[in-house]
Amino acid sequence: MRKWTLAAATTVALLLTTQSIYASTDFAQTMQEAERGNPNAQNNLGLMYYIGRGVRQDYVQARHWYEEAANQGDASAQIILCVMYADGMGGRQGDAQARHWFEKASGQGHPMAQLFLAGMYKRGEGVQQNYAQARYWYE
């Protein structure tokens, strides 16, 4: 899946920039809300750990909190988690997990996830090559 790393990195950079505009800078308050199960706080906490905002940068913790938010349907967290799994950031690299999160975000209509998922099917990266599936996600 390394062929789309630059495009994926650009997508993540855009998502992180957008998130950072709205994210809380109060780490303790964000942590409390995240531990209570608030998906927005979990996503923000993932961002804080991902970029080292108010806390030491830690991809393991970032991946954990993005996964918490992603499991609650947060499409932004799902797309960032895709890239983290695809590139092995914060843990073991996993094409199947990356595909799983791309499918979740794609199913919610996230256009970048749909584009990347289509590319995976077109090139057979992490999935069996399937032009019909690629076309479906491109459309």
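Student: What is the span of helix α4, and how many residues does it have?
Tutor: Helix α4 covers residues 59–71, which makes 13 residues, and reaches 18 Å from its first C-alpha to its last. That is close to the 18 Å expected at 1.5 Å a residue. The expected span is 1.5 Å times one less than the number of residues. Helices here are DSSP runs of H or I with at least four residues, strands are runs of E with at least two, and both are numbered from the N terminus.

Student: Where do these numbers come from?
Tutor: This is a predicted model, where local features need pLDDT of at least 70 and side-chain atom pairs count only at pLDDT 80 or more, while totals for chains, interfaces and linings use all residues. Residues are numbered from 1 along each chain as its sequence is written, and side-chain values use heavy atoms, with hydrogens and water left out.

Student: Back to α4. Which of its residues are buried?
Tutor: Ala62, Arg63, Trp65, Tyr66, Ala69 and Ala70 are buried in α4. Buried means under 20% relative accessible area, exposed means over 50%, and partly exposed is in between, using a 1.4 Å probe and protein chains only.

Student: Why would residues a few places apart point the same way?
Tutor: An α-helix has 3.6 residues a turn, so residues three or four places apart point the same way.

Student: What is found at the start of α4, and what comes just after the helix?
Tutor: At the start, a side-chain oxygen of Asp58 comes to within 3.0 Å of the backbone nitrogen of Val60. Just after α4, Gly73 has a positive phi of about 95°.

Student: Next, Asp74. Where is it, and is it buried or exposed?
Tutor: Asp74 sits in the loop between α4 and α5, the latter being residues 75–87. Asp74 has a relative accessible area of 14%, so it is buried.

Student: What does Asp74 touch?
Tutor: Leaving out residues up to four places away in sequence, Asp74 touches Pro39, Asn40, Asn43 and Ala69. Contact here means heavy atoms within 4.5 Å. The side chains of Asp74 and Asn43 are also joined by a polar contact of 3.2 Å. A polar contact is a pair of N or O atoms within 3.5 Å; within protein, one must be able to donate a hydrogen and the other to accept it, and residues adjacent in sequence count only if both atoms are side-chain atoms.

Student: Changing topic: how many residues are in the largest nonpolar core?
Tutor: The largest nonpolar core has 35 residues, and Leu45, Tyr50, Tyr66, Met84 and Phe102 have the most contacts inside it. α5 gives the largest share of this core, eight residues. A nonpolar core is a set of buried Ala, Val, Leu, Ile, Met, Phe, Trp, Tyr and Cys residues joined through side-chain atoms within 4.5 Å.

Student: And how many aromatic pairs are there?
Tutor: A search of the whole structure finds five. In one of them, the rings of Tyr50 and Tyr66 have centres 6.3 Å apart and planes at 75°, so the pair is edge-to-face. That pair links helix α3 with helix α4, its residues being 16 apart. Rings of Phe, Tyr and Trp (its six-membered ring) pair if their centres lie within 6.5 Å; planes under 30 degrees apart count as stacked, over 60 as edge-to-face and the rest as tilted.

Student: Are Tyr50 and Tyr66 buried or exposed?
Tutor: Tyr50 counts as buried at 10% relative accessibility, and Tyr66 is buried with a relative accessible area of 0%.

Student: Last one: how many helices and strands does the protein chain have?
Tutor: The protein chain has eight helices and zero strands. Of its 139 residues, 43% count as buried.
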